[in-house]
Amino acid sequence: MTMKTRDSLLKLFTFSFFMTMGIVVTFFPLYFDYKGYTKIQIGLLYAIGPLIGIATNLLWGYLSDRFQTVKKIMIILIAGQLVTALLVFTAGWFSLLYICLAMFFFFQQPVNSLNDSQLMLSIRTSGKSYASFRIWGSIGFAVSAGGFGMLLRYYGTGLTPMLCLLTISCSLIIVFLLKDARQSGKKMEFGGMINIIRSRRFIWFLLLVIIMSVSHRFNDGFLALYMRQLGASDSLIGYAWMTSALSEIPVFFFLSKQGHRFKELPLLAFAGVMYAVRFLIMGSIHNPSWVIGIQLMHSLTFGIFLFTANRYISQIIPDEYRSSGQAIFAVAWSSVAGLISGTLGGWIFDSSGGSTVYYIAACLSIVSAIGFLGTHLFQNDDSLPARQRS
């Protein structure tokens with residue numbers, strides 16, 4: 001397999017996987033709303049994914065590092081998604097749906113961090129930038145949110161299961177064609193991973209990531225329901241998600257070229273301030289069409305956060321612990337934050353409305369921004385890991 005073919009397949013897989021993620025994030029809440037579940041029930045359904053993800057991200061990340069394979073793990077995960085998605089869409093009552101969705105998230109949650117792991121390992125040898133691959137995820141998410149939103153507008157929310165099964169099937173076909181990114185290399189030692197995660201500085205960084213991510217996950221979990229509350233159609237909700245995904249692309253390109261000129265922690269503090277501004281505006285609007293413009297700020301919030309936090313993590317985690325390191329990061333920003341935002345956000349939304357959810361998200365964003373900036377100002381350069389000082 002030539003390097004060009006390998007890179008093309010990685011981009012195609014990233015595109016396909018993020019199409020599925022676009023359905024899960026954008027249209028699953030609307031589908032469950034269409035099926036008649038309450039906001040609290042939908043919040044509980046979304047909370048189970050992050051709860052499962054805490055264990056499953058670490059499990060599959062460890063297995064990938066232990067057996068030095070990404071491809072074989074991904075095949076298991078995508079195949080598991082396909083089977084459990086069928087169970088989710090045929091579940092007849094809430095308790096059964098809860099169990100089936102937990103099984104689905106067991107296989108779905110780790111794929112993002114493992115895909116990041118294989119991209120990071122790939123660019124080590126190819127010299128390409130992470131952004132040149134990750135933008136295909138943004139494009140895939142945008143195509144899913146915008147294109148599928150139009151389909152659902154004309155054919156109804158009941159089409160969601162068919163679209164989800166289609167994108168998962170495409171991902172499964174592509175993953176069989178990928179070259180394994182971990183066929184050889186230094187074997188991991190479990191003790192080394194323990195030394196990394198018990199670093200107080202590393203734990204503090206993850207805590208700040210969780211605070212910022214809770215505010216982000218409020219938006220992920222409840223944007224569609226908030227827009228529906230304001231009177232938006234499925235297609236308008238899809239356009240809003242498409243706008244946010246496309247807005248990431250120029251920021252990824254800029255940071256891949258110029259990001260080295262900026263220190264990570266001040267950049268993350270800037271993202272926190274932008275999150276606060278974004279969510280304060282979101283909480284005060286009354287016309288759902290305004291959301292499309294506000295979603296452009298996704299580039300200055302999540303776009304900066306994701307790229308910068310991944311760069312920071314890559315500097316302090318050795319390659320032999322790459323999948324485990326990405327898994328721990330995913331547990332922090334996705335699983336733990338998603339668990340908190342799903343349970344707390346559902347209760348707040350049901351009792352006080354969507355605006356209150358966004359105002360609380362803005363407050364959390366400011367707290368994280370202060371934390372990142374304070375850490376940058378008061379940390380001792382001698383405390384930085386050797387990999388970061390170099």
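Is Asp-220 buried or exposed? Asp-220 counts as buried, at 11% relative accessibility. That value comes from a predicted model, as do the others here.

Start with the partner of Asp-220. The residue forms a salt bridge with Arg-217, and the closest N and O atoms are 3.0 Å apart. Arg-217 also counts as buried, at 15% relative accessibility. Both residues fall below the 20% cut-off for burial. The pair sits within helix α8. Asp-220 and Arg-217 are three residues apart there, so about one helical turn separates them.

Now take the wider view. A search of the whole structure finds five salt bridges. One of them joins the side chains of Arg-228 and Asp-33, at 3.5 Å from N to O. Arg-228 lies in helix α8, which spans residues 200–229, while Asp-33 lies in helix α1, residues 3–34. The pair therefore ties together parts that are 195 residues apart in sequence. Arg-228 is partly exposed, with a relative accessible area of 30%. Asp-33 counts as partly exposed too, at 22%.

Another salt bridge links Glu-264 with Arg-311. Their closest N and O atoms are 3.1 Å apart. Glu-264 belongs to helix α10 (residues 264–284) and Arg-311 to helix α12 (residues 298–316), so this pair ties together parts 47 residues apart in sequence. Glu-264 and Arg-311 are both buried.

Turn next to the cysteines. How many disulfides does a search of the whole structure find? It finds zero. Cys-164 is in no disulfide, and the nearest cysteine sulfur, that of Cys-170, is 12 Å away. Cys-164 is buried, with a relative accessible area of 0%. Cys-363, by contrast, is exposed, with a relative accessible area of 52%.

Finish at Ile-139. This residue is placed in helix α5, which covers residues 130–155. Ile-139 is partly exposed, its relative accessible area being 23%. Which residues does Ile-139 touch, not counting those up to four places away in sequence? They are Phe-15 and Ile-249. Ile-313 is another reference point: Ile-139 and Ile-313 are 174 residues apart in sequence, and their C-alpha atoms are 24 Å apart in space.

Key. Residues are numbered from 1 along each chain as its sequence is written. This is a predicted model: local features need pLDDT of at least 70, side-chain atom pairs count only at pLDDT 80 or more; totals for chains, interfaces and linings use all residues. Side-chain values use heavy atoms; hydrogens and water are left out. Helices (H or I, at least four residues) and strands (E, at least two) are DSSP runs, numbered from the N terminus. Buried means under 20% relative accessible area, exposed over 50%, partly exposed in between (1.4 Å probe, protein chains only). Contact means heavy atoms within 4.5 Å. A disulfide is a pair of cysteine sulfur atoms within 2.5 Å. A salt bridge is a side-chain nitrogen of Lys or Arg within 4 Å of a carboxyl oxygen of Asp or Glu.
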